[in-house]
Amino acid sequence: MEITLSGMWMAILVGIVPLIGWAMWWWNYFRYALPVTFRCSGDGTKLPLGHMGIPFYGEMLHFLWYFKFVNRPDDYINHKRNKYGGGEGLYKTHLFGSPSIIACSPSANKFILQSEDKFSTGWPAAEIIGRNSILSLQGSSHARIRSLTVKTINQPDTLRRIAIMVQPRIIAALQQWSKQGRVVAFHEAKKVTFENIGKYFCGFEPGPHLDTLDELFAGMIKGVRSQPLNIPGTSYHYALQCRKKVMAIFTKEINKRRVEGDAARAEYDLLDQLLHLKDEEGMELQDGEVLDNIVGLIIAGYESTSLSIMWALYYLAKFPNVLEKLREEHMIVTRNGDFITRDDILKLQYTNKVVEETIRLANVSAFVFRKAKRDVEFKGYKIPKGWKVICWLRYLHTDPKNFEDPLCFNPDRWNGPPKPGTFLAFGGGPRICPGNMLARLQVAIFIHHLVIGYRWELVNNNAGMTYLPHPRPVDGVEINISRM
Ligand code: HEM
């Protein structure tokens, strides 16, 4: 029988293409999920429902569809919930290059974040953050760096000192903004936050050197949540290039400090503390450890704080009634020319609610990563050894089951505590953010100087949103700002 060319194409179309499509659709399932399913049959557990996506990319395209193209990030989880049901808030998938379990209920997140014996941190971008950084370290080495970090940035005395230290730059920045008249709050908030971090972490003063570092850190942060693909043109590759340059700058700084000695500097900063940290045997950190940790801390604290400040500006412009109440509260604590203190801020009840609500809705840490050290069981579901676990913190804050009318900015919802486990903007368990009080403090200080001295409005009241690498209005919150 003679096979015609068109017949052959038809056969390919009807037979082979769907077959390839089918194989692509199930490839990851056969590769990752099926072996676990066999393992589960012996112990009565099962893998959470969900789809493992296509080879290599997994569900990345699906994820990007919701986060980047249709801009409805919560529908990524809503879609799973509608398709597969609640499933104790666990779904299987393949994201950021690994087979993964998504956790999006309060109980699943609490369990995962508190079980350090079962899960290690599993940031997909450890190469960018640094393998010796507090963010990547485990066990006793993590505990050692963590205790120093907490002492340096999260104790009342330190916070009191930092509260005063950051204010000159915040005041100067606001004056400069009002002189310019129109600014993009995201860029400006980043600048002032980076200047402050540069000062109290490493004693760096504003100038071209700090501007270069700022750009390099921005490049690194972009790569942290991208597909870990180290080929030219990708965000990941660019982030690694930036990291190399950042390392060179800090290595030079460390060498300079070693030559000059401590007496050469007026203030003892975080970098000095890291350089002098000793373990139980009296051994100092290696330079590589110091470098990874200073870089890790800046990555963790920089964009998160600036984005929260940007969102505060945004919400206060959108909700004049909230702004008015804030002003009333702040006018009472304003003392001519003096800085506001941390103790003043602790007393500002409404401000603290505004800060909490801003951070809840800003969702700057939309998710955090863990990796199962061994097969783990949670309420009859298996979390397989070696798989990533993605604690989907964002969904906790935007799920109507947890917060009434969740997307509405309503500081009064903080009149009482949230339902247990529903507010995890700073994570939870032994790795809860050590910068949480510092971040809250900086947002509150910023709000103080803003509301007592300035009026501002959004240039684009209906600007669209973008959600990657972090949620923010596409115009970066462009504002017209002037002195009151
Ligand atoms: C609004 C601002 C901030 C948010 C929403 C935030 C959020 C988070 C979250 C969710 C975690 C947990 C990560 C995990 O469990 O794997 C975390 C950890 C961390 N954060 Fe923050 N953070 C903020 C500001 C800061 C600041 C200002 C600093 C320091 C200057 C900081 C330093 C850190 C560090 C070092 C860790 C790692 C802790 C560990 O692994 O033990 N963060 N942050």
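Reader: In this structure, which residues does Phe423 touch, not counting residues up to four places away in sequence?
Author: The model is a predicted one, and in this model Phe423 is found in the loop between H16 and H17. Its relative accessibility is 17%, and because buried means under 20% relative accessible area, Phe423 counts as buried. Leaving aside residues up to four places away in sequence, the residues that Phe423 touches are Glu356, Ile359, Arg360, His397, Phe403, Trp414, Pro418 and Arg440.

Reader: Is Cys433 buried or partly exposed?
Author: Not counting residues up to four places away in sequence, Cys433 touches Asn154 and Phe426. The relative accessible area of Cys433 is 26%, and the class in between runs from the 20% limit for buried to the 50% limit for exposed. Cys433 is therefore partly exposed.

Reader: Which side chain of opposite charge is nearest to Asp475?
Author: Asp475 is placed in the loop between strand E11 (472-473) and strand E12 (478-483), and Asp475 is buried yet has no salt bridge. A salt bridge needs a side-chain nitrogen of Lys or Arg within 4 Å of a carboxyl oxygen of Asp or Glu, whereas the nearest side chain of opposite charge is 6.8 Å away. That side chain belongs to Arg472.

Reader: With which side chain does the side chain of Asp475 make a polar contact of 2.7 Å?
Author: Not counting residues up to four places away in sequence, Asp475 touches Val184, Asn460 and Ala463. The side chain of Asp475 also reaches the backbone nitrogen of Glu478, at 3.4 Å. The polar contact of 2.7 Å joins the side chain of Asp475 to that of Asn460.

Reader: How many residues apart are Arg81 and Asp399, which form a salt bridge?
Author: The closest N and O atoms of Arg81 and Asp399 are 2.8 Å apart in this salt bridge. The pair links distant parts of the chain, with Arg81 in helix H3 (residues 74-84) and Asp399 in the loop between H16 and H17. Arg81 is partly exposed, with a relative accessible area of 24%, whereas Asp399 is buried at 4%. The separation of Arg81 and Asp399 is 318 residues.

Reader: Which residues are joined into one network with Glu253 and Arg257 by salt bridges that share partners?
Author: Glu253 and Arg257 form a salt bridge whose closest N and O atoms are 2.8 Å apart, and both residues are buried. Both lie in helix H10 (residues 235-260), four residues apart, which is about one turn of the helix. Through salt bridges that share partners, the network joins Glu253 and Arg257 with Lys256, Asp269 and Asp272.

Reader: Which side chain makes a polar contact with the side chain of His237?
Author: His237 lies in helix H10. Leaving aside neighbours within four places in sequence, His237 is in contact with Leu229, Asn230, Ile231 and Pro232. The polar contact, at 2.7 Å, is with the side chain of Asn230.

Terms used
Residues numbered from 1 in each chain as written. Predicted model: local features only at pLDDT ≥ 70, side-chain atom pairs only at ≥ 80, totals over all residues. Heavy atoms only, no water. Buried < 20%, exposed > 50% of the residue type's maximum accessible area, 1.4 Å probe, protein only. Contact = heavy atoms within 4.5 Å. Helix = DSSP H or I, 4+ residues; strand = E, 2+ residues; numbered from the N terminus. Lys, Arg positive; Asp, Glu negative; His and termini not counted. Polar contact = N/O pair within 3.5 Å; in protein donor to acceptor, adjacent residues only side chain to side chain.
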